[in-house]
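Student: Please take me through this model one question at a time, starting with the terms I will need.

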Amino acid sequence: MKDRNFDHLPEHLGLVSRRDFLKFCAVAAAGMGLPLGMGVKIAEAVASNLKKPPVIWLSGQECTGCSETLLRATHPTVEKLILDLISLDYHETLSTPAGALAEGARHQSLQENQGKFILVVEGAIPTKEGGIYCQVGGKPVLQILKETAPQAGAIIAIGSCASWGGLPSASPNPTGAVSAAEALGGKSTVINIPGCPPNPYNFLSTVLYVLTFKKLPDLDDKARPKFAYRRLIHEGCERRAHFDAGRFALEFGDEGHRRGWCLYKMGCKGPETFNNCPEQLFGDVGARSWPVGTGCPCFGCSEKGVGFAKPIPEQASLKYFTPAGVPFQGTEGIRSGGGSVCLTPSTAYPPIAPPEGHGPTTAAVAVASGLAGLAVGAGAVAALKLGKKEPSDAPETKKE
Amino acid sequence: MGLSRRDFLKAAAGGGLALASNLSPAPVLAREPVPRLPDALGILYDATLCIGCKACMAACKKANNLPPELCTPDSLWDDPVDLSAKTVNIIKLYKNGTGLAKDQEINGYSFIRQFCMHCVDPSCVSACPVSALTKDQQTGLVRYDKDNCIGCRYCQVACPYNIPKFQWDQAFPQIVKCQLCDHLIAQGGYSACCEFCPTGASIFGNVQHLREEAHRRLSFKPGEFAEYPLHRVESRHTTRRQATPYLNHVFGEREGGGTQVLMLANVPFNKLGFPLLPPESQASRSETLYHTLYKGMILPYVLLGGLFYLIYKNTTGHDLP
């Protein structure tokens, strides 16, 4: 291990111990579904970088929730790691300087780190009327983003607003808010880390992946890293057994809600939202520290067209539930779900005797007998008419 | 009518004679009962081990690529109420009175699995006019070939267990039934229901071994600890549990000529939805009847000839030119 550049570690990481740092890298590797040995590779990549990778953090229409969630990443002392691991050259909330000084830092970093810096976009980008609804230093964010993006090494959109428009783009969308990828017109690849806020470890793992392997992680059809957004929340939900058993909370505070039953009927969007909330949890405070775990239905924040679009009490669609767990094939391509994304039997049982249909209703009998009566009458009339014709035919046959 | 009393008696006597000549030497059975094949494959289902988890139902759908059946109003689950063209394996619940005690007829409950019994002498194969349903000569599995099927659904009427199901909602419908995952067996595997059964309630194997296993279980004294194989009858993986009482009856050993799927339970099988069948198969009885009636085509020709005679007699000199 000595030959592997870990000697520089103390200089880079400040207060982070070598042990804590390696532990964090191992956890990050596990979170991305990489083999455990990759933790060492990640640590190596981080430690061998004598110059810390510069990060420019642009803010559009946002609430700074995504920055806040990152600051609350605590295991193992990630706030120190993120501040010391990267060179955060520009961040409107965290920058010590303000005004022209802060803007100057951004320009300087842009000139020094052409094609090497990581651009993080937080918040939606308003496009209506030239993007005047969000301006920084007298310049629309739309313009700043368009100037900055082509020079970036990698672009990460953090949060639902930057990933697909989020709250600012909710109908009627007065400012014409769009995602970072849309604002750039699809010219640059943007990694989306949606969520409101997203899990900080999904973001940190993505950054470490890019730093270590110098390439983007596997992305799904919505440009989200697959290691975090591969599975439906419903698949990993701790309340799933209650769904299968048909035990549902129907309103806040009712018997079922207090017993921790499934929140599907209260509008939980878990069955149509891809995220790793049930596995990753929030805030590092242990089990159940995620919305559904605390008794609040998932509102689908990380899923375009669900969060901020569907009414909160609306029941989720089960469109991703395929026959017998075959991969879901939508207009956006195949989404592998594995066997767990299929409709499973509930825990209720059919009786031995197969259910029988009930007899015809009185109305149906009346209609049917009316029709039958009509037919009989018509037949009788027809028969009578036939009978009347016979006398004229009869003489002819007799002649023969 | 021009048929005189004399003519009628003549025809009747002739027909009777022909019938008598046809029937009198006929044996009681036109064909021998079908013996069990030595390499027959089957399943032993033990209702006292079943916990009703429905893992077999989910595994069956996946292995056979069957669509879910949405029977609840909110369409949340694959919840069939009976076997259908989308469900070839189902767990049902028998419940009586308070329904508290497992595997008890009175005030108890019992799970029961329903799927194709793979009869030794299957009625569906006998009734099928085009050999769309066939019995494998080696494994004895009853298979369906959609390319031969003409959609007459005789098999549905013939089956005493009400197993073959018709795709009523399809433009080109097929008969759907459990084929014991023969596509998995061909690849060296075995039935998915047994592979996924966590308790050993369904085990797969040679029918001879399954019969021995069934009788071994019947010999257990209730309360004593016993080993139950998991997944396959010859499996070395076993689960150890206290034996519970059994009804002294291996369903499928003799019923309707025997089946390759055997069942154990502690509730009478007629209460679990199974018919009470005589030891001889329905196929042998119906085939005896039909093969007698159509033997050498004598009786049909006699009947047809008689009809021709009557018609000729009554029409000659009147209407015919």
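Tutor: Gladly! Axes are lines fitted to C-alpha atoms, for helices over the stretch in contact, and angles run from 0 to 180 degrees between N-to-C directions. Helices (H or I, at least four residues) and strands (E, at least two) are DSSP runs, numbered from the N terminus. Residues are numbered from 1 along each chain as its sequence is written, while chains are lettered from A and ligands numbered from 1 in the order in which they are written. The model is predicted, so local features need pLDDT of at least 70 and side-chain atom pairs count only at pLDDT 80 or more, whereas totals for chains, interfaces and linings use all residues.

Student: How are H3(A) and H10(A) oriented to each other?

Tutor: The axes of H3(A) and H10(A) cross at roughly 75 degrees and come within 9 Å. Angles under 35 degrees count as roughly parallel, over 145 as roughly antiparallel, 65 to 115 as roughly perpendicular and the rest as oblique. The pair H3(A) and H10(A) is therefore roughly perpendicular.

Student: Which residues of H10(A) make the contact with H3(A)?

Tutor: Two residues are in contact if their C-beta atoms, placed from the backbone, lie within 7 Å. From H3(A) come Lys41(A), Ile42(A), Ala45(A) and Val46(A), and they meet, in H10(A), Leu208(A), Leu211(A) and Thr212(A).

Student: Is H10(A) largely enclosed or largely open?

Tutor: A residue is buried with 20 or more other C-beta atoms within 10 Å of its own, exposed with 12 or fewer, and partly exposed in between, with C-beta atoms placed from the backbone. In H10(A), the buried residues include Pro200(A), Phe203(A), Leu204(A), Val207(A) and Leu208(A). Since 11 of the 14 residues of H10(A) are buried, the rest of the structure leaves this helix largely enclosed.

Student: How far apart are the end C-alpha atoms of H10(A)?

Tutor: The expected span of a helix is 1.5 Å times one less than its number of residues. For the 14 residues of H10(A), 200-213, that gives 20 Å, and the model agrees, because the end C-alpha atoms are apart by 20 Å.

Student: What is the hand of the crossing of H2(A) and H3(A)?

Tutor: The axes of H2(A), residues 18-31, and H3(A), residues 38-48, come within 8 Å and cross at roughly 120 degrees, so the two helices are oblique. A crossing is left-handed if the near helix is turned anticlockwise from the far one by less than a right angle, and right-handed if clockwise. Here the crossing of H2(A) and H3(A) is right-handed.

Student: Which residues of H3(A) make that contact with H2(A)?

Tutor: H2(A) brings Phe21(A), Leu22(A), Cys25(A), Ala26(A), Ala28(A) and Ala29(A), and these touch, in H3(A), Met38(A), Gly39(A), Ile42(A) and Ala43(A).

Student: And how many residues of each class are in the contact of H2(A) with H3(A)?

Tutor: Ala, Val, Leu, Ile, Met, Phe, Trp, Tyr, Cys and Pro count as nonpolar, Asp, Glu, Lys and Arg as charged, and the others, Gly among them, as polar. On that basis, the contact of H2(A) with H3(A) holds nine nonpolar, one polar and no charged.

Student: Is Ile193(A) buried or exposed?

Tutor: Ile193(A) sits in strand S9 of chain A, residues 190-193. Beyond its neighbours within four places in sequence, its contacts include Ile156(A), Ala157(A), Asn202(A) and Phe203(A). Ala157(A) is 36 residues from Ile193(A) in sequence, yet their C-alpha atoms are 6.0 Å apart. With 29 other C-beta atoms within 10 Å, Ile193(A) is buried.

Student: Is Asp103(B) buried or exposed?

Tutor: Asp103(B) is in the loop between S3 (101-102) and S4 (108-114) of chain B. Its phi is positive, near 60 degrees, in a residue other than glycine. Because 20 other C-beta atoms lie within 10 Å, Asp103(B) is buried.

Student: Which element of chain B gives the most to the side that touches chain A?

Tutor: The contact takes 16 residues from chain A and 23 from chain B. Helix H2 (55-64) and strand S2 (90-95) are the elements of chain B that give two or more residues to that side. With five residues, the one that gives the most is S2(B).
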